[in-house]
Amino acid sequence: MQRLANTRRYVAQKYFGSGSGAQRGAMVEQEVLLNEDGSTGFKVPITNFRNTQYYGEIDIVTPPQKFKVLFDTASSNLWVPSVECSSIACFLHCKYDHSQSSSYAKNDTDVTLRFGSGTFEAYVSEDTLTVGDITVESQQFAEATKEPGLSFTYDRFDGVFGLGYDTKSVAGVVPPFYNMVKRKLVKEPVFAFYLSDTANGDDGELILGGYNSQHFEGDLKWADVLGSGYWEVKLEAAQLGDSEITIGPTGATFDTGSPMLVMPVHVANMLNEKIGAKKDSAGRYAVDCASVPSLPSLSLTFGGVKYTLDAKDYILEVDGLCVSGFMGMDLHGSDEVWTIGNTFLRKFYTVYDLGNNRIGFAKAR
């Protein structure tokens, strides 16, 4: 439950975060491969930890050092802990040691990153990255040298692999997926997520360079990205059961790093009251698990299509406690932007089309 308890700070600092630094690097080309079924795109298995954390493996350096990373659509930098880090969180995770790499190139640009429970210090390095059978040479990333607080101590992943827009990248570092596209390491500038449910007992999947139609029903429906620098689309309507939720002109940012649906405080308070959720000492809103089957559905409309979550979709059950997936936070002042996390993304397969600046949706299977 520690991850849920820290989500409020995590979301706020993630979207208010900033940093500084510089950029350098070279590009190489590599042959694009096909999967055994003939489809394009590279498959990356995604481990599901109790429906709250989703992460997969990458390799950095030559010979490879393995790291578990959160593939995050709402941030744009790749970072992992450095062997130079002495924080508690670093001791409990895999650490990057560039002295053991024959492909390391020094950069040393100092950066400040905001993620999770606060600000942490890092510097830029350059090395060979491998993810989903794609090798990206001379990829810049951040070595975290100080991770204050306890948030990352409890996380199952070592670092973060940002899949957001390059305009949000700290220090102007080119995000890994942008390098894959520029160097023609993927056929299409598209990636897609299937996030599993623990009830189904299967792993999730990230596809780089395409998508997997075996993981969704029917056709993809598309919504255009608003151009905010995030994977954000217009939220056209919201409804709880048969009741319309009053919302002004607003966007919805899709965030594979968040377990919750984050919305303006007054909306979250209203929804939690409607479903009978009570705030506990840790700041979570819990409901009686026996009441879940009778709770109303939540519908959100993007691109002219209504997407409906049943109560079993928006209620997280962890350690016998049923927690509301509705979190209140006024992220951008008067701009009532919503954050659509894994509460929604477990039910709907999502495709992120960087070439056409749009997101595709279909019911996951």
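What joins the side chains of Asn51 and Asp197? A polar contact of 3.2 Å does. Bear in mind that this is a predicted model. A few notes from my look through it:

1. Asn51 first. You'll find Asn51 in the loop that links strand 1 (42-49) to strand 2 (53-60).

2. Who sits around Asn51? Setting aside neighbours within four places in sequence, Asn51 is in contact with Ser196, Asp197, Thr198, Leu316 and Arg346. Asp197 is 146 residues away along the chain, yet the C-alpha atoms of Asn51 and Asp197 are separated by 6.3 Å. Asp197 is also the residue whose side chain makes the polar contact with Asn51.

3. Leu316 takes us to a sheet. Leu316, one of the Asn51 contacts, has Val323 in strand 22 as its bridge partner. Strand 21 and strand 22 (residues 321-324) run antiparallel and are joined by 4 bridges.

4. The sheet itself is open, with 4 strands in the order 17-18-22-21 and antiparallel pairing.

5. Now the surface. Ile88, Phe91, Leu92, Leu150 and Tyr154 make a nonpolar patch of about 560 Å². Of these, Leu150 belongs to the loop between strand 7 (134-146) and strand 8 (159-162). Leu150 is partly exposed, with a relative accessible area of 45%.

Terms used
Residues are numbered from 1 along each chain as its sequence is written. This is a predicted model: local features need pLDDT of at least 70, side-chain atom pairs count only at pLDDT 80 or more; totals for chains, interfaces and linings use all residues. Side-chain values use heavy atoms; hydrogens and water are left out. Helices (H or I, at least four residues) and strands (E, at least two) are DSSP runs, numbered from the N terminus. Contact means heavy atoms within 4.5 Å. A polar contact is a pair of N or O atoms within 3.5 Å; within protein, one must be able to donate a hydrogen and the other to accept it, and residues adjacent in sequence count only if both atoms are side-chain atoms. Patches are made of residues with over 30% relative accessible area and no salt bridge: like charges are joined within 9 Å, nonpolar side chains (Val, Leu, Ile, Met, Phe, Trp, Tyr) within 5 Å. Accessible areas come from the Shrake-Rupley method with a 1.4 Å probe; for residues, only the protein chains shown count as cover. A salt bridge is a side-chain nitrogen of Lys or Arg within 4 Å of a carboxyl oxygen of Asp or Glu. Buried means under 20% relative accessible area, exposed over 50%, partly exposed in between (1.4 Å probe, protein chains only). Two strands pair if DSSP finds at least two bridges between them.
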